[in-house]
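I set out below what I looked up in this structure, entry by entry.

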Amino acid sequence: MLSKQGPKTAVADVNADGLDDIFIGGAVGQPSQLYLQTTSGFSKKQVPDFSTFTFNDVTACFFFDADQDGDMDLFVGGGGNFAPASSDKYQHQLYLNDGKANFTLLSGSFPVSHTNTGVAIPMDYDNDGKIDILVGSRSEPQNYGVAPKSFLFHNDGGARFTDVTEKTAPFLQSLGMITGAAWTDLNADQQKELLIVGEWMSPKVYGFKNGQFAEQKTGLENEFGWWQSVTIGDLNADGYPDLLLGNLGQNFYIRPDADNPVKVWIKDIDQNGTIDKIFSHTLNGKEIPVFLKKDITDQIPSLKKSNLKHADFADKTIQQVFNDGLKDARVLTVNNAASCIAYNDGKGNFKLQPLPFIAQLSSVQASVITDINQDGKNDIVLAGNFFDLLPQFCSIDASYGQVLLNKGNKQFDPVTSNASGLLVKGQVRDIAQIKQKNKTGLLFLRNNDTPLYYQINLPSTKK
């Protein structure tokens, strides 16, 4: 299901008191919420304009200074799958801050949007001092598999944004189903690069030069995954940013690898005006349909005559089932389901290393890179789960959150829940790092459930 991608959160000091405040995006019929930190905890701040426009789901948000007045404004991106693409439920919104945490909706800041937002990040790509925005689309609503349009918005000043995608980043118009992005210097050239990941995609890196983005080689071009998230951090202490790539994990019903890819074939096979999406996986060197005979023949009734019995269907390859029906189909591939670290050689070339086995038992929807035990090496905290799948696929539900301690030499040791104190049930969609009372904590945002806050204690507490 693509209608349960929230909640997402953003953290910043929005009232200039030196304390981290928290925004939590709302869902269907539920306004977003802002919590201001005080010396005694967090207090909910009433923001009437959060009720003016509610999304299917808030699937992207961040604080940034949109109008260059020195305070933190708020971008909110809409997503979900409840409504058709023609709905206004997917429109991006900008809320301006008066410096005292009073936020006002500024209508018309962005062109009309009709895609399910997968990620949005701030980035001053042209170094003009005004923060621009990348919006990566996860899907075209109610039409999964079709490459949605993604967007690059240029900040013209005064918190007004122009779509410059066609001129500056035309690849975004059909790149794929984007779930994560980052803007950072990956090759030590003192210029930031744009990193993008997504489902049925390999990680992509683009540099900006002469007024346009161009793709750069990374060594990851053939690593096609169901990438769910990306987090940037130096994980081998060499001074270069590495990539923590969250995937669906190796405990899924279908388990692709380099020699046994999973594919989705996208085409209006029976020419009824609806685009069909047919999945195959590789068994003994043959591409076999993933879905059952009944599922396929119900979707495409013309196949019933040639597949009257289950025995007729059971041993057929996907090409034999459809004959010439898949000719000219758009084909997407996944050959890596593992959550991984992509280690950077300092020149923007990466080599993948899978996370430990326990991290592969479920999906990784969100992660944080931080030094948990204060030993000078960056550790990993991750969480995920994905419950809403077809019954034959089961649920991806084996994660209770995971701490991986960095032992050096690219070795990470999993810590049990009893030892770490971390036990997060449910579908985690975001993790926010928050400073409170001179200590750091992690806020886990769960779909259709309450947030959970865990304080990070120093090693001397043995927790």
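Over how many bridges do E30 and strand E31 pair, and in which sense, parallel or antiparallel? I found that E30 and E31 (residues 439–446) pair over 8 bridges in the antiparallel sense. I worked on a predicted model, in which local features need pLDDT of at least 70, side-chain atom pairs count only at pLDDT 80 or more, and totals for chains, interfaces and linings use all residues. Residues are numbered from 1 along each chain as its sequence is written, and side-chain values use heavy atoms, with hydrogens and water left out.

**Entry 1: the sheet with E30**

I took strands (E, at least two residues) and helices (H or I, at least four) as DSSP runs, numbered from the N terminus. Two strands pair if DSSP finds at least two bridges between them. On this basis 3 strands form an open antiparallel sheet, in the order E30-E31-E32. Strand E30 (428–436) and strand E32 (452–455) each have a single partner strand, so one side of each is left without a neighbour in the sheet. From one strand to the next I noted an average twist of 20°; axes are lines fitted to C-alpha atoms, for helices over the stretch in contact, and angles run from 0 to 180 degrees between N-to-C directions. I also looked up Ala 432, whose bridge partner in E31 is Leu 443.

**Entry 2: the sheet with E5**

I found a further open sheet of 4 strands with antiparallel pairing, ordered E5-E6-E7-E8. Its edge strands, E5 (57–64) and E8 (103–105), each pair on one side only. Neighbouring strands here are turned by 25° against each other on average, direction ignored. E5 is joined to strand E6 (residues 73–79) by 7 bridges, and Val 58 stands opposite Gly 78 in E6.

**Entry 3: the largest nonpolar core**

A nonpolar core is a set of buried Ala, Val, Leu, Ile, Met, Phe, Trp, Tyr and Cys residues joined through side-chain atoms within 4.5 Å. Buried means under 20% relative accessible area, exposed over 50%, partly exposed in between (1.4 Å probe, protein chains only). The largest core holds 30 residues, and Trp 200, Trp 226, Phe 252, Ile 278 and Phe 322 have the most contacts inside it. Strand E20 (262–267) gives the most to this core, with 4 residues.

**Entry 4: cysteines**

I counted 0 disulfides, a disulfide being a pair of cysteine sulfur atoms within 2.5 Å. Cys 61 is buried, at 11% relative accessibility, whereas Cys 394 is partly exposed at 48%.
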